[in-house]
Amino acid sequence: MNSKKNQALRLSKEAMQDFGYKVVDAVIEHFEKQDEKLPVKNASREEMDKLFSEDAPENPMPATDVLNFVLENVMTQSNVSTHRKTYAFVPGPSNYISVMSDTLATGFNIFAGGWVGSAGAAGLEISTLNWMLKLFNFPVKKGGGIFTSGGSMANLTALATARKVKCGEDFSKAIIYLSDQAHSSNIKAINILGFKKEQVRIIPTNLEFKFSINKLKNAIAKDKIEGLKPFCLIASSGTTNTGTIDPLEELAVIAKKENIWFHIDGAFGGAVILSKKGKKILKGIDKADSLTIDPHKWLFQPYEIGCLLVRDHTCLSGTFTEKPEYLRDIEGNESEINFYDHGIELTRHFRALKFYMSIKTFGLKTFRDAIDYNIKLAEQVEAVLRKSDKWEIVSPANLAIINFRYNPVKENLLEDKIDLVNQKIAAKMMASGEAQLVTTILLGQVVLRMCLINPKTTLEDVMSTIVLCEKFALEH
Ligand SMILES: *Cc1c(COP(=O)(O)O)cnc(C)c1O
């Protein structure tokens, strides 16, 4: 056989450097210039098809040409999740250290599935998870967890675990409880796991958008009388709509008394544990059996990294361990965790690396300060809006989320008209591209929602958006 290396998919050192530096330059240019761009970019399927639909090419072309095409036509056709004026949904304020760390993980193509694949990756993931366990006051030795692609996957992993632990094989009578403000990914997970509609109790929230304790107690009592098996309770620590934290301590007491798995979805708000008041406002979070947090939201990581913590790590291995023949030989020491035994994925991206490197580089203090800043900013915005006679606060600043609507006192608008005006403001804002701002529905009202978790966003940024909203409101 020819001993010469096969050149398939290989580039010369110079070509790799040339291409690599161009990519890095493009990323850095984006970091530097992103706030001069518009945060919103709308395009139709037709326009995108025109750009992209072609057959896969049989023959090569220069890498730089492909890169330039992508920079011109893909990266420009995208909302800027990291923009100062991205207020909608949950923005994705990323950081450069994590971006490059992610590149490193990909560059070395580290297999983060098992100990034998990379002891370094597994060890670093264990250590980074331990930081999280400590922050949330979970038992470090007994507890455990896993980094996932995001919050949805963390919730799915949690609910699969809850079911296995509490129901074993037969979940035909199992009932799961969550509030009407719980994130849709929980319902999605419930559906994926094969629960029927009749097994889900969506408990209405009270006027503060919090889990209604009495309604929950009544529902559990009723289900027990009917011979059903309450097995899982999902609380939110920071709902995505309003940032409201459910009464975690009271819910924990109920879960314990009823022998129900207590899952807390902290995908949005869990990060607040790092803030000054975090321990106080998240009181009871350490009582959860499982907790979802989402570093690619308010812990400033680029997509994708979610995180699931559990009080007892054996629950994860008890749920996800399967032993195909070809994995038998790599069973090591019990303390040498194979993360493929702790979750859904076998081959896994080394996502802990970016989180680890950014925490080491910036220090937790930088994260704490950023989160405190975000909370304060939302409170400042609330104070300014309260002084105006044009705006009404529908849900006050809560974990950097605020909901409000245009409703000038003098005009005495009818409810339908108010809904229409606020819908119009959001539509015009998105069409203009000036800010990423959309509505949500609270108490049957159309409201504008701002999620202010970007540390670059200033009060002036928000106020300039509010001024624009007022202009749009008056346009016909
Ligand atoms: C965003 C969010 C999720 C889903 O997380 P992804 O990372 O988008 O999959 C789940 N729960 C809450 C409360 C969220 O805010």
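In strand β7, Val310 is the bridge partner of Ser290. The model is a predicted one, in which local features require a pLDDT of at least 70 and side-chain atom pairs count only at pLDDT 80 or more, whereas totals for chains, interfaces and linings use all residues. Residues are numbered from 1 along each chain as its sequence is written, and side-chain values use heavy atoms, with hydrogens and water left out. Helices (H or I, at least four residues) and strands (E, at least two) are DSSP runs, numbered from the N terminus.

The pair Ser290 and Val310 belongs to the pairing of strand β6 (residues 290-293) with strand β7 (residues 306-310), which is antiparallel and extends over four bridges. Two strands are taken to pair if DSSP finds at least two bridges between them. In general, strands of a sheet pair through backbone hydrogen bonds, either parallel or antiparallel. Strands β6 and β7 are part of an open sheet of seven strands, arranged in the order β1-β7-β6-β5-β4-β2-β3 with mixed pairing.

Phe404 is placed opposite Leu448 of β11.

The surroundings of the ligand were examined next. The ligand is surrounded by 13 residues, the closest being Ser152, Asp265, Asp294, His296 and Lys297; a residue is near a molecule or strand if one of its heavy atoms lies within 4 Å of it. An oxygen atom of the ligand lies 2.6 Å from an N or O atom in the side chain of Ser152, and an oxygen atom of the ligand is likewise 2.6 Å from an N or O atom in the side chain of Asp294. For Asp265, a side-chain N or O atom is 2.7 Å from a nitrogen atom of the ligand. Taken alone, the ligand exposes 380 Å², of which the protein buries 85%. Accessible areas come from the Shrake-Rupley method with a 1.4 Å probe; for residues, only the protein chains shown count as cover.

Helix α6 (residues 151-167) contributes three residues, the largest share of the shell around the ligand. Asn155 also has its place in helix α6. With a relative accessible area of 0%, Asn155 is buried, where buried means under 20% relative accessible area, exposed over 50%, and partly exposed in between (1.4 Å probe, protein chains only). The side chain of Asn155 makes a polar contact with the side chain of Asn186 at 3.4 Å. A polar contact is a pair of N or O atoms within 3.5 Å; within protein, one must be able to donate a hydrogen and the other to accept it, and residues adjacent in sequence count only if both atoms are side-chain atoms.

Salt bridges (a side-chain nitrogen of Lys or Arg within 4 Å of a carboxyl oxygen of Asp or Glu) number 23 in the model. One of them joins the side chains of Lys22 and Asp18, with an N to O distance of 3.1 Å. Both residues, Lys22 and Asp18, lie in helix α1 (residues 13-33), four residues apart, which is about one turn of the helix. Lys22 is partly exposed at 32% relative accessibility, and Asp18 is partly exposed at 36%.

Another salt bridge connects the side chains of Asp461 and Arg84 at 2.6 Å, N to O. Asp461 lies in helix α14 (residues 459-474) and Arg84 in the loop between α3 (63-73) and α4 (96-107), so the pair ties together parts that are 377 residues apart in sequence. Asp461 is buried, at 5% relative accessibility, whereas Arg84 is partly exposed, at 28%.
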